[in-house]
Amino acid sequence: MPHRIRVRDLYEALHERLQLTWVAGQAGADRKLLAADNDISSGIIAGPLNYIHPNRVQVIGPAELAYLDSLRPTNRLQALQQLLEDDPALIIVVNDVECPTELPGMADDAPVALMRSPLPDSQVLDNLQYYASLFLSEKTTLHGVFLEVLGMGVLLTGDPAVGKSELALDLITRGSRLVADDAPEFTRIAPDIISGNCPPLLREFLEVRGLGILNIRAMFGDSAIKRSKYLRLIVHLKRMSAEQISGMDRLSGAHADRDVLSVSIPQVTVPVAPGRNLAVLVESAVRNHLLRLKGYDAAEVLIERQQQAILDQN
């Protein structure tokens, strides 16, 4: 993600979703809209027409247009001049209302980008605010392969050359989808939700030792790629000897929690050793985690059965 966002970046990202059309002020396309040093907690960046606390994105809907139409021609012109003097980065006319006739020419002179959207102001504001909060949210990059496995976002981690990419390729052939290889980016979009995506440069690519760079979309089709996914489980691959594997807890396995951007993410360690089918183990780990989320723990059920059997014998 760029260090700052310009008006043209927002247009490219949201013009389809918000059905944006550029009315005037194209010369203001490179105006800074957001930067990494902005503080999202200090206030919203987009909102209805506001002269007291101007927003970076000023939205004009039916209520704002009715206010402008209620003014005398001289006062109306002064209100529009004040709107542009507050130096907004972007003005959006929403709800498919008619744009004030004086505004396009004034926007070209400023220059301030002027766009239109047929969508309701509430929907436009929600999308703008989400876009801003996503950019300004805390982020981190983790080394590993991020996949959608059985509908769940799973990050494969481990030492270099432990077999993460080969395992990811095996899982993809079994129906999983690739989100990002090597350096997935994670963003905390809510107090307990971490969203992961792929840097644009690496999107669709998977590096497999011996084969080089593979384009997963070209090889397996669009269904093998996922743009983003919430991180729900970390599978850590660890080389172990037979002796180390035998020393693991046979009932509960190797479960722990890992802190990612102050959010606790469950992590399961899967031993890597000759003869182990890692793809099946990862899918089983995901299925087992889904059962745990529903409150079912196989180890606890087995212990209860053993205790009941002992009581029955006595």
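Mentor: Happy to! Helices here are DSSP runs of H or I with at least four residues, strands are runs of E with at least two, and both are numbered from the N terminus. The model is predicted, so local features need a pLDDT of at least 70, side-chain atom pairs count only at pLDDT 80 or more, and totals for chains, interfaces and linings use all residues. Residues are numbered from 1 along each chain as its sequence is written, and side-chain values use heavy atoms, leaving out hydrogens and water.

Let's look closely at helix α9.

Next, which residues of α9 are buried? They are Leu278, Ala279, Val282, Glu283, Ala285, Val286 and His289. Buried means under 20% relative accessible area, exposed means over 50%, and partly exposed lies in between, using a 1.4 Å probe and protein chains only. Looking down the axis of α9, you find these buried residues within an arc of 150°, so they line one face of the helix. The arc is taken from the directions that run from the helix axis to the C-beta atoms.

Contact means heavy atoms within 4.5 Å.

Let's follow the α6 partner. Helix α6 (residues 164-173) packs on α9 (residues 278-293) at an angle of about 70°, and their axes are 9 Å apart. That makes α6 roughly perpendicular to α9. For this kind of comparison, axes are lines fitted to C-alpha atoms, for helices over the stretch in contact, and angles run from 0 to 180 degrees between N-to-C directions. Angles of 65 to 115 degrees count as roughly perpendicular, under 35 as roughly parallel, over 145 as roughly antiparallel, and the rest as oblique. On the α6 side, the contact is made by Leu167, Asp170 and Leu171, while α9 brings Leu278, Ala279, Val282 and Glu283. Sorted by class, this contact has five nonpolar residues, two charged ones and no polar ones. Ala, Val, Leu, Ile, Met, Phe, Trp, Tyr, Cys and Pro count as nonpolar, Asp, Glu, Lys and Arg as charged, and the others, Gly among them, as polar.

Just after α9, Gly295 has a positive phi of about 95°. As a general rule, most residues other than glycine have a negative phi, and most peptide bonds are trans. Leu261 is not a glycine, and its phi is near 55°, a positive value. With 9% relative accessibility, Leu261 counts as buried. Asp87, also not a glycine, has a positive phi of about 60°. Its place is the loop between α3 and β6 (90-93), and at 38% relative accessible area Asp87 is partly exposed.

In α5 the buried residues are Val124, Leu125, Asn127, Leu128, Tyr131, Ala132, Phe135 and Leu136. They cover an arc of only 165° around the axis, which puts them on the same side of α5. Helix α1 (residues 7-14) has Val7, Asp9, Leu10 and Leu14 buried. Down the axis of α1, those residues fall within an arc of 160°, so they line one face of that helix.
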